[in-house]
There are 2 protein chains.
Amino acid sequence: MATIKDVAKLAGVSVATVSRVLNDYDNVRGETVQAVKKAIKELDYHPNFLGRTLRRLETTKILVVVPTISNQFYSRVVKGIQTAALAEGYHAMIAITNSDPVVEKEFIDMAKRKLVDGTIFLHTTMDAGKLSKFAASYPAVSSCELVPEADISTVSIDNFQAALDAVRFLIEQGHQRIAFVCAGELYHSSQLREKGYRAALEEAGLPFRPELIFNEGFTFNAGRRAAKRLLELPELPDAVFATSDSAAIGVISELSNHGLHVCEDISVMGFDNNQIAEYYLPSLTTVSQPQFDIGHKACELLIKKIRDLACENECILLPHKLEYRNSVKKRRVL
Amino acid sequence: MATIKDVAKLAGVSVATVSRVLNDYDNVRGETVQAVKKAIKELDYHPNFLGRTLRRLETTKILVVVPTISNQFYSRVVKGIQTAALAEGYHAMIAITNSDPVVEKEFIDMAKRKLVDGTIFLHTTMDAGKLSKFAASYPAVSSCELVPEADISTVSIDNFQAALDAVRFLIEQGHQRIAFVCAGELYHSSQLREKGYRAALEEAGLPFRPELIFNEGFTFNAGRRAAKRLLELPELPDAVFATSDSAAIGVISELSNHGLHVCEDISVMGFDNNQIAEYYLPSLTTVSQPQFDIGHKACELLIKKIRDLACENECILLPHKLEYRNSVKKRRVL
DNA sequence: CAAGAAATTGTAATCGTTTACAACTATCAT
DNA sequence: ATGATAGTTGTAAACGATTACAATTTCTTG
């Protein structure tokens, strides 16, 4: 493998001059530049990044810690991150943790060991204390699934308001017994959405029924499990609000297996607005999150942090939107 | 940021000794080890990876070049890669190119500049010449979407045989007019599958009808477009074989919009066996690819290459399998 | 207790680059 | 011819680790 020395020797100049050519300095004579470029080509030389990185102490890489990429939600956020990163000359590297703290720790180590300039967490298993401490010493941003009380810049939607809006809509359509499929205490977003759900019931004067809360998770199978349990209730709900599109589809799938027609017999609403929400039959009424923008903004905040670790933390909420499709029964207009 | 020097000073030893402690050498006195570890803890020191990497000229990172992660197919392959990598002490980093040659080039540069030890392409925009040249100088493996004639280790399924099996199955179920939704010349896999499709027709003595070939692509919308065109045919086909599950679902969705019932009125078969194939209504009969295993094997081959760049190239074909579900009409048993 | 062996530690070179600084060359006004 | 100036180029010291080799200390044994 050719190094800068080989190039220097072949071009008959010093390594410093080669380096200057490589970095487009304008204080090198035209002829010299040509000679160096010729040597580079001849040797098929590619500067070793580690040398530069070590010297400059910057990698122009950022790490994105993701629980999974099977979920389209995250893949869209990642795309937003990557776009913003590229625009500023950074490269986004994705680390999939499967929410395994051990794996996550390994990747965080990469950040601590300066293999990347900064880290974006789309979900972390760290608690507020650990995360705050990490963010104090290394550029980092938390997004999507936040850690309450952590001292770090964040980007997400207003999960409380989004759920409130969704359930309000269901109520407006005449639904009263509304089941809620959520992911439990482990996910802050789920808790906030549950608060929104309750707030909507309360403002409409509807009773909160604990038996309609299904703490099963975000996945398709979680939705299925919830639907199975729900079908055993003495009285069926009018509507189901699931905190993810996957779970919503799991619900629909299971209800269909039992001969129920979603929309006609029972309404189902999702969350996220993944592609599947649009493509499913019936297409899914859902809460749309600006996934790309979330990623984009998170990356911008991170780069700000990379440039000035001491800069003020920002907590950004981006707007959500209801997406009206065919899984929710419309109020009959009299 | 603390460096090894700071630790050495605080512990009252040389940097060499600290390094030995860091790397678990057994020729350091117990007390010294303790002193060094204490200093490390006190300074919250994390060895800078770049120093080590530069010295050892290995990064223990591998790069996975992916066109997209929105497609579950790739995310499962990536999971296989990551698992195999971790088992050998490597970390997989994912680079999303959107099949943009410029972006891909940037990431390939990372490999050339030694920021990673090796590269796995799940799809590349390079031609055979470029890819072969790259693979000759840098550890690399090509997988999933291969480049014909390229000199590089590969892992995939036997796309010809898989399509042959699929179409044979459709024919066995009594279908005769079988449409084919594929991705055209850009994708070698698609071409091979078309050959398999033709071979199956031929061996059954069925005519090949060019008007039943729909070169639209792998996506949901590709499937929709194909279905739209297909609905304008003077005579409807009995079955549609799509080269991806997404496209198959696009077909189903569009056909449903026109009041056709998939399975009863027309059969649809997919390819890949993504989660959606199982979850869709109707669930999708499809060709299952061993996605995890493909990734796993590809990573193994890559690590072999990293350890010995000159080792023989291997071209591995993994077994596929038909997954029988509810989108294909069964032959009536008389 | 001396001498050699073994265990432990330190010194300094090294990986491939960047960059401060010095040094050299050419140009030009005086 | 001289000195100042600007434009090029080279020298050598970083960056933060690892590691060959040398040096030191400790242990063993006759």
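Reader: Which residues in H8(A) meet residues in H9(A)?

Author: This is a predicted model, where local features need pLDDT of at least 70, side-chain atom pairs count only at pLDDT 80 or more, and totals for chains, interfaces and linings use all residues. Residues are numbered from 1 along each chain as its sequence is written, chains are lettered from A in the order written, and side-chain values use heavy atoms, leaving out hydrogens and water. Contact here means heavy atoms within 4.5 Å. On the H9(A) side you'll find Leu192(A) and Tyr197(A), among others, and the H8(A) residues meeting that side are Asn159(A), Phe160(A), Ala163(A), Leu164(A), Val167(A), Arg168(A) and Ile171(A).

Reader: Are H8(A) and H9(A) parallel or oblique to each other?

Author: Helices are DSSP runs (H or I, at least four residues), numbered from the N terminus. Axes are lines fitted to C-alpha atoms over the stretch in contact, with angles from 0 to 180 degrees between N-to-C directions. H8 (residues 159-172) and H9 (residues 188-203) of chain A pack at about 40°, with axes 7 Å apart. Angles under 35 degrees count as roughly parallel, over 145 as roughly antiparallel, 65 to 115 as roughly perpendicular and the rest as oblique, so H8(A) and H9(A) are oblique.

Reader: What is omega for the peptide bond from Leu281(A) to Pro282(A)?

Author: Most peptide bonds are trans. Pro282(A) sits in the loop between helix H12 (275-279) and strand S10 (285-288) of chain A, strands being E runs of at least two residues. The bond from Leu281(A) to Pro282(A) is cis, with omega near -5°.
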